[in-house]
Amino acid sequence: MSKNSLSSRDVFTSRLGVIAAAAGSAVGLGNIWKFPYITGVYGGAAFLFVYLGFIALIGLPIMLSEFTIGRKSKSNAFGAFKKLAPGSPWKFVGMLGVAAAFMILSFYGVVAGWSIDYIIKSVTDSFASKSPDELDSMFTQFIEQPGLPIVYQLSFMLMTMAIVIIGVKDGIEKYAKILMPILILIILVLDVRAITLDGAKEGLNFLFHPDFSKLTGEGVLSALGHAFFSLSLGMGTLITYGSYIGNQNNLAKTALQVTVADTLIAILAGVAIFPAVFAFGIEPSSGPGLVFITLPNVFQQMPGGFFFSILFFLLLTVAALTSSISILEVVVAYFREELKIKRKLATILATAMIAIVGVFCSLSMGLLKENTLFGLNFFDLLDWISANMLLPLGGLFISLFIGWYWGREKIEEELAKGAGVVSWLLSVFIFLVKFIAPGAIAIVFLHGLGVFNF
Ligand code: TYR
């Protein structure tokens, strides 16, 4: 692992380091907070199956594309396109990434702030003997306040900033390597508790027995958007991380491992949540509060729940941090390399701007909740535009770049470093990035936006 900050051109020295960094970025609030809540909103299993299809056919090949572009160019997202396609407009793909990073981190910091509050609520045993309804209003009352959620959101942003400035990537990854497996273990314990609750079966049915008639165009678009969001794709994060990967690394294998890990964790989170949702009579479509309302009920019903609850929200916050640093890095890299601002100042500036937008996201849960556009408050609007529009668009261009601009020879040359290239697998990969990914993204995108119906 690099001794320096993320900006250096050093390479990861271990395979585990590569996986920890990329999986650290991928696994976060997207898996544990967002996946269950949007699966609930869009009707359960049918949404999950479509999501899995997108992960395999679009997410995985685009992750491999981003790694390939990053390692070949040894640059950030802009530099990468500039270097590989000099004098062309491809670098605007990087611009799209910065916009997405800006929006995502604004609301991401707010949710991470909620997680910090839930660590404190766990320590003070605030969930004890509360009914599901009381836990529901506890959450709603908290996020609607104009004060405390902002304090936590800003604290989280400061932590993110500190890590990106100091570049203690070494440190955080060392911890991430230990802490993430513990998070998975806790989720597994929660899974066991959840599926042994009375009425759990209904929740498992909801998650695994698809009723495709429930799917809407918007649901399919959200499944696509979430595949990008969850795998940290479409905005250059994994181009940047790819640029730190050494030539001895098998990129395809790494992409596969990160994709499988990220997807499994999301499913495990779903298994912890939906049986409990049904057992406690919570509405599966209750929105962004789903995890925060459901899990405290589960903690109450298990031996050692007090400790599990503290540990869970603590680790959720750490998982959010290993993702937020990767998002901030996209903006910082742009400020540094395009606007020529020094790393420290760039990080402070980017954090300040994002944090201010984040304050409005937080306020849009309460004070500003009536201010909506297309029926969405500011928080939901940023989430929707970034995940459902900017990331798929970024992914579309990345797949076109690799599939059409770069072509087979160059792809093969890069993938052959650190791995034996299996010819038919390479052909499958190229077919996916050349036709399937861009075609599917374009169709889902236009259909989801209501441009045409079928
Ligand atoms: N994948 C992260 C999560 O699931 C969020 C994220 C989104 C991180 C986009 C990076 C990124 O580029 O929480």
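This is a predicted model: local features need pLDDT of at least 70, side-chain atom pairs count only at pLDDT 80 or more; totals for chains, interfaces and linings use all residues.

Is Thr 254 buried or exposed? Its relative accessible area is 0%, and since buried means under 20%, Thr 254 counts as buried. The side chain of Thr 254 also has a partner: a polar contact of 2.7 Å joins it to the side chain of Asn 249.

Now let's move to the ligand. There are 15 residues around the ligand, and those that come nearest are Ala 26, Gly 30, Tyr 108, Phe 229 and Thr 237. What kinds of residues make up the shell around the ligand? The shell divides into 6 nonpolar and 9 polar residues, with no charged ones. Several helices take part: α1 (15-26), α2 (29-41), α10 (217-230) and α14 (305-337) each supply at least two residues of this shell.

| Residue | Part of the residue | Ligand atom | Distance |
|---|---|---|---|
| Ser 25 | polar backbone atom | nitrogen | 3.3 Å |
| Leu 29 | backbone N or O atom | oxygen | 3.1 Å |
| Ser 232 | polar side-chain atom | nitrogen | 3.1 Å |

How much of the ligand does the protein bury? Taken alone, the ligand exposes 340 Å², and the protein buries 100% of that. The space taken by the ligand is also the largest cavity.

Definitions and conventions. Residues are numbered from 1 along each chain as its sequence is written. Side-chain values use heavy atoms; hydrogens and water are left out. A residue is near a molecule or strand if one of its heavy atoms lies within 4 Å of it. A polar contact is a pair of N or O atoms within 3.5 Å; within protein, one must be able to donate a hydrogen and the other to accept it, and residues adjacent in sequence count only if both atoms are side-chain atoms. Accessible areas come from the Shrake-Rupley method with a 1.4 Å probe; for residues, only the protein chains shown count as cover. On a 1 Å grid over the protein atoms alone, a cavity is a set of points where a 1.4 Å probe fits but cannot get out, and a pocket is an open set with protein on both sides within 12 Å along at least five of seven lines; lining residues have an atom within 4 Å of a point. A molecule sits in a cavity or pocket if more than half of its atoms lie within 2 Å of its grid points. Helices (H or I, at least four residues) and strands (E, at least two) are DSSP runs, numbered from the N terminus. Ala, Val, Leu, Ile, Met, Phe, Trp, Tyr, Cys and Pro count as nonpolar, Asp, Glu, Lys and Arg as charged, and the others, Gly among them, as polar. Buried means under 20% relative accessible area, exposed over 50%, partly exposed in between (1.4 Å probe, protein chains only).
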